[in-house]
Amino acid sequence: MMYVIGIIVSYLLGSIPMGLLLTRLAGKGDLRRVGSGNIGATNVMRVGGLRMAGLVWILDMAKAAAAVFIGKYIAGDAFGAWCGFVAIVGHCYPVWLRFRGGKGISSLFGTLLAVSPVSFAVCGRTNVRDIIIGCGNCILFNSDFRICD
């Protein structure tokens with residue numbers, strides 16, 4: 001029974017639309033009707049600026065990391081990783097927004113940080129390098145995740 005509760009809580013944590021909530025609280029309107037229509041950090045940057053986008057990125061990472069820690073508490077490392085995956089699914093397909101959410105990149109990094117901080121550091125460094133030199137189709141954050149090259 002605890003496994004089911006852990007999965008449900010992880011999905012619900014992941015499905016909290018941080019970008020949408022923050023832009024509404026800041027009086028910027030409905031994020032889904034502005035820019036790309038996505039609720040992620042890149043569209044938040046277009047609407048609310050770099051600081052608000054950074055906050056959304058951190059909060060999206062935190063909700064996935066929290067799901068991993070809840071899973072680890074319930075049944076160990078492997079179940080924690082599954083709970084992180086479920087949080088990513090919740091971010092991409094939130095029940096509150098008719099299953100139209102973000103791309104899951106920040107939630108993926110939050111899960112990776114909680115499951116394996118070393119892998120997070122290596123992959124994070126790779127993506128930061130790509131952002132700095134302008135590789136890929138990125139505006140703020142590189143959305144194509146590659147296994148550490």
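Is Phe85 buried, exposed or partly exposed, and what is its relative accessible area? Phe85 comes out as partly exposed, at a relative accessible area of 45%. Keep in mind that this is a predicted model.

**Aromatic pairs**

- The count of aromatic pairs here is three, and two of them are picked out below.
- One of them joins Tyr3 and Phe79 edge-to-face, with 5.0 Å centre to centre and 80 degrees between the planes.
- That pair ties together distant parts of the chain: Tyr3 sits in helix H1 (residues 2-14) and Phe79 in helix H5 (residues 77-92), 76 residues apart.
- Phe79 counts as buried because its relative accessibility is 12%, under the 20% cut-off.
- Trp82 and Phe85 make another edge-to-face pair, at 5.9 Å centre to centre and 90 degrees between the planes.
- Both Trp82 and Phe85 belong to helix H5, three residues apart, or about one turn of the helix.

- Asn43 has its place in helix H3 (residues 41-48).
- The Asn43 side chain reaches the backbone oxygen of Leu31 at 3.2 Å, which means the two fall within the 3.5 Å limit for a polar contact.
- Setting aside neighbours within four places in sequence, Asn43 is in contact with Leu31, Val34, Gly35, Ser36, Gly37 and Asn38.

Technical notes:
Residues are numbered from 1 along each chain as its sequence is written. This is a predicted model: local features need pLDDT of at least 70, side-chain atom pairs count only at pLDDT 80 or more; totals for chains, interfaces and linings use all residues. Side-chain values use heavy atoms; hydrogens and water are left out. Helices (H or I, at least four residues) and strands (E, at least two) are DSSP runs, numbered from the N terminus. A polar contact is a pair of N or O atoms within 3.5 Å; within protein, one must be able to donate a hydrogen and the other to accept it, and residues adjacent in sequence count only if both atoms are side-chain atoms. Contact means heavy atoms within 4.5 Å. Rings of Phe, Tyr and Trp (its six-membered ring) pair if their centres lie within 6.5 Å; planes under 30 degrees apart count as stacked, over 60 as edge-to-face and the rest as tilted. Buried means under 20% relative accessible area, exposed over 50%, partly exposed in between (1.4 Å probe, protein chains only).
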